[in-house]
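Me: I'd like a close look at one part of this model, the place where two chains meet. Could you walk me through it step by step?

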Amino acid sequence: MLSEYTGMVIMLLFALGISVGMVVATSLLGPKKKFAEKMEPFECGEVQIVSPRQRFSVKFYLVAVLFILFDIEAVFLFPWAILYKKLGLFGLAEMMAFISILGIGLFYVWKRGGLEWE
Amino acid sequence: MLLDFFITLLKVLFVLGVTVGFFAPILTWVERKQSAIMQDRIGANRADILGFRALGLFHIMADGLKMFTKEDFIPRGANPVLHTLSPIVALIPAIITFTVVPFGGVYDLFGKEVNLVIADLDVGLLFVFAIASIATYGYVIAGWSSNNNWSLLGSMRTTAQMISYEVTMGLTIIGVLMVYESMKLTEIGAAQESFFDWGIFLQPLGFIMFLTASIAENKRIPFDAPEAESELVAGYFTEYSGLKFGMFFMAEFIEMVTISAIVTILFFGAWHIPFITTASLLSLFDFLGTTGSNLVVMLIHVGVFFTKVVFFIWFQMTIRWTLPRFRYDQIMDLGWKILLPLSLANILVTGLILI
């Protein structure tokens with residue numbers, strides 16, 4: 001019996017071949033005329049005023065942390081959802097307790113202004 | 001053993017041919033042509049070979065040739081390795097997600113059971129989410145490695161938006177899993193043989209939320225704040241040229257096909273025709289023998305499946321040319337404050353009904 005993952009490996013190899021091939025092809029086929037002004041990063045015709053290598057808004061970190069929290073919740077929900085009809089009322093009560101705790105967390109973040117973008 | 005391998009290889013080539021070979025190029029043309037029709041213009045029809053214009057279909061070839069022969073530009077101060085790596089990281093997941101997507105049922109051909117999916121994983125749907133989220137790295141790396149302020153802003157927006165909607169996407173699917181009791185996309189598809197078992201009737205709210213979240217995940221208008229032309233030049237791919245630029249577009253178009261395919265499987269009866277069961281279709285072509293009738297039914301099912309997929313691609317394109325872009329705070333509000341609580345409520349309601 002052929003493993004299900006064989007097809008996936010073949011697909012991965014093809015995808016790798018296509019994308020690497022494209023990058024190689026475009027770097028080989030295109031012209032290469034380099035001069036200092038052209039190699040500047042695009043800044044609407046100006047010389048770059050500030051470097052992009054600097055700190056950015058803390059908001060993005062907050063979104064990342066919230067993502068981890070709620071994605072783990074989703075991961076817990078996946079096996080539960082499949083077994084739901086077998087678990088019945090017990091499963092519903094258990095998961096609603098879990099979701100309501102996380103819901104309180106969401107409500108708290110919301111009220112503290114963690115979801116506001118100005 | 002060798003036959004199994006050969007069949008798998010055939011399926012891989014079919015999927016690659018359909019997604020990378022057919023849909024990705026043709027959609028670049030469809031997008032322009034549909035915008036032209038909706039805006040009452042004639043549209044892309046200038047490229048011609050010896051005077052033949054063929055509705056502008058040669059634009060696909062012209063675009064391809066142009067992208068191959070453009071200079072591969074890496075700006076000063078950029079990280080050349082990461083800059084080259086990011087389109088690869090963005091494109092590969094888009095192609096691989098299609099491995100778990102079935103494009104037909106199971107058919108008895110020459111005494112052999114042929115399942116029209118490359119890898120029939122038990123965790124099919126989870127695999128789709130897992131692989132799709134790897135693409136986020138591609139966009140982060142693209143923005144950061146370009147040494148460009150617009151790119152960085154675009155990639156920060158992309159990341160925040162993609163991970164926000166990933167949560168919502170995961171939670172909207174829970175209702176579907178509860179109804180069909182499986183994460184295998186083939187089983188979910190097979191469970192929708194009767195018309196009123198289609199996901200759209202069992203999970204109407206789930207369908208609307210999933211489609212919204214997946215369009216946002218793919219960063220298409222009205223959720224295209226990450227690459228907003230009027231604010232950020234082109235967002236994370238400002239500094240990309242040639243085929244590397246084209247690869248980001250290919251990834252977007254292939255993801256569009258994948259989204260349409262998954263919506264079709266989860267909510268629109270996969271490869272089934274309304275009110276016609278596979279058994280009755282098989283008996284209709286009974287005079288062709290087992291293999292013959294199975295072959296005909298297989299072709300019909302694949303045709304029906306891709307018709308539905310094309311419909312959803314059309315739907316996404318219509319949305320693109322109908323709605324204006326949302327503001328970034330509106331996008332994040334929709335994800336966290338509306339779709340997330342609604343999807344949790346959807347789980348509760350589904351649970352109460354099923355009990």
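Reply: Happy to! Keep in mind that this is a predicted model. Chain A is divided into domain 1, covering 1-30, and domain 2, covering 56-118. The C-alpha centres of these two domains of chain A are 36 Å apart.

Now let's turn to the contact with chain B. On the chain A side, 66 residues take part, and they are in contact with 85 residues of chain B. Together the two chains bury about 6,700 Å² between them, and carbon and sulfur atoms give 76% of that area.

What about specific polar links? Between chain A and chain B there are three residue pairs in polar contact, counting pairs with both residues at pLDDT 80 or more. The salt bridge count between the two chains is one. Its partners are A:Lys85 and B:Glu181, whose closest N and O atoms are 3.8 Å apart.

Next, look at the elements behind this surface. Helix H1 (5-29), helix H2 (58-82) and helix H3 (84-111) of chain A each give two or more residues to the side that touches chain B. The largest share, 19 residues, comes from H1(A). Sorted by class, this side of chain A has 44 nonpolar, ten polar and twelve charged residues.

Methods:
Residues numbered from 1 in each chain as written. Chains lettered and ligands numbered in written order. Predicted model: local features only at pLDDT ≥ 70, side-chain atom pairs only at ≥ 80, totals over all residues. Heavy atoms only, no water. Contact = heavy atoms within 4.5 Å. Buried area = accessible area lost by both parts, 1.4 Å probe. Salt bridge = Lys/Arg side-chain N within 4 Å of Asp/Glu carboxyl O. Polar contact = N/O pair within 3.5 Å; in protein donor to acceptor, adjacent residues only side chain to side chain. Helix = DSSP H or I, 4+ residues; strand = E, 2+ residues; numbered from the N terminus. Nonpolar A, V, L, I, M, F, W, Y, C, P; charged D, E, K, R; others polar. Domains from an automatic or database assignment.
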